[in-house]
Amino acid sequence: MEITTIDTASVAERDRLDFWRSTVCDQFVTLDVRPAAGSDVRGRVTAVSMADTQLRKIAAGAHHFERTTRQVRTADEDYFQIALARKGRTLVAQDGREAVIGPGDFVLYDSARPFRFVTAGDFEYSVCLFPTRLLPLTRAELTAATAVRFDGRSGVGAMVPPLLAALHRLDAESLPPASRTAIMQSIGDVYVALVRSRVDPASSPNLHLLRAQAYIDEHLSDPALTPAQIAAACAISVSYLHKLFSETDTSVGAYVRERRLQACFAELARPDCAALTVGAIGARWGLPDSAHFSRAFRARFGVSPSAHRARSVG
């Protein structure tokens with residue numbers, strides 16, 4: 001896994017501001033970069049990539065970073081990101097909330113919506129950019145977790161600092177493709193744990209919803225699974241079933257499709273499933289139409305089932 005370091009000290013002072021702005025946008029996402037020092041900016045970015053996960057370290061003086069609606073609309077890829085503060089204090093704003101983080105704290109933020117970072121002085125962050133399309137989370141769940149301070153020294157947040165430190169040192173190129181895929185899945189699991197740790201107990205899922213989700217998970221292989229069947233198994237009406245899912249910012253059909261595609265995504269990456277055809281894996285998870293499965297998989301993950309398998313298991 002190649003490590004790239006980009007430093008403003010490598011260019012003439014008159015070129016540093018443009019160089020720095022270009023570097024930040026290239027290595028993170030496109031956004032407005034306004035250093036307090038103006039053209040006298042000093043900054044450094046260390047970049048590491050592993051499959052679809054991007055790991056970055058950034059250090060500079062006081063800054064104002066802002067991602068605008070226009071920049072969101074022109075993006076090719078959306079990332080759900082962790083920013084872990086190593087030095088300095090920063091105000092982070094997104095989705096109508098503000099959080100202030102200092103060394104050892106971190107926030108989650110989403111490149112699919114505008115956000116703002118304002119640092120109080122010199123700062124250092126470790127940042128993980130993970131493709132949102134690979135997370136089995138609803139828009140409502142993602143939105144509820146942004147711009148909230150996590151303590152990286154306790155609770156579920158304590159997983160993040162050692163994980164990012166280990167990933168920055170990992171020589172991913174020396175690992176088999178299946179190992180890299182497993183690491184990617186583990187990173188995604190950490191994101192899910194962080195997001196769902198923010199759930200307010202007062203707004204915990206309805207028991208009927210939990211039963212419906214459990215029934216769906218047990219019957220994903222049935223291509224004829226219908227809302228009527230699910231509702232009957234849970235002793236509720238179809239209209240109430242749809243209401244339960246709509247309150248989680250999704251639909252019954254979308255939930256079923258997501259769970260099936262996630263199952264296929266995981267199974268295609270498993271070496272012990274290499275003897276199964278792509279079509280067979282789709283069929284065993286309730287997607288028997290190979291063409292439809294391939295289109296849905298590509299739309300969800302940005303890659304075909306065959307390409308994902310080749311990249312994962314070699």
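F65, Y109, F115, F117, F123 and Y125 form one aromatic cluster in this predicted model. Across the whole structure, a search finds 14 aromatic pairs. The structure also holds one cavity of 30 Å³ or more, and F65 and Y109 are among the residues nearest its centre.

**The pair F130 and Y191**
- The ring centres of F130 and Y191 are 5.3 Å apart and the ring planes meet at 35°, so this pair is classed as tilted.
- F130 belongs to strand 11 (residues 123-131) and Y191 to helix 5 (residues 177-196), so the pair ties together parts that are 61 residues apart in sequence.
- Both F130 and Y191 are buried.

**The pair F265 and F301**
- F265 and F301 have ring centres 4.5 Å apart and planes at 35°, so this pair is tilted.
- The pair links distant parts of the chain, with F265 in helix 9 (residues 252-268) and F301 in helix 11 (residues 290-301), 36 residues apart.
- Both of these residues, F265 and F301, are buried.

**The largest cavity**
- The volume of the largest cavity is about 140 Å³.
- Its lining consists of 13 residues, of which V24, F28, L31, F65 and Y109 lie nearest the centre.
- Strand 10 (115-119) and strand 11 each supply at least two residues of this lining.
- Strand 11 gives the largest share of the lining, three residues.

Conventions:
Residues are numbered from 1 along each chain as its sequence is written. This is a predicted model: local features need pLDDT of at least 70, side-chain atom pairs count only at pLDDT 80 or more; totals for chains, interfaces and linings use all residues. Side-chain values use heavy atoms; hydrogens and water are left out. Rings of Phe, Tyr and Trp (its six-membered ring) pair if their centres lie within 6.5 Å; planes under 30 degrees apart count as stacked, over 60 as edge-to-face and the rest as tilted. Helices (H or I, at least four residues) and strands (E, at least two) are DSSP runs, numbered from the N terminus. Buried means under 20% relative accessible area, exposed over 50%, partly exposed in between (1.4 Å probe, protein chains only). On a 1 Å grid over the protein atoms alone, a cavity is a set of points where a 1.4 Å probe fits but cannot get out, and a pocket is an open set with protein on both sides within 12 Å along at least five of seven lines; lining residues have an atom within 4 Å of a point. Grid points are joined across faces, edges and corners, and a volume is the space filled by probe spheres set on the points.
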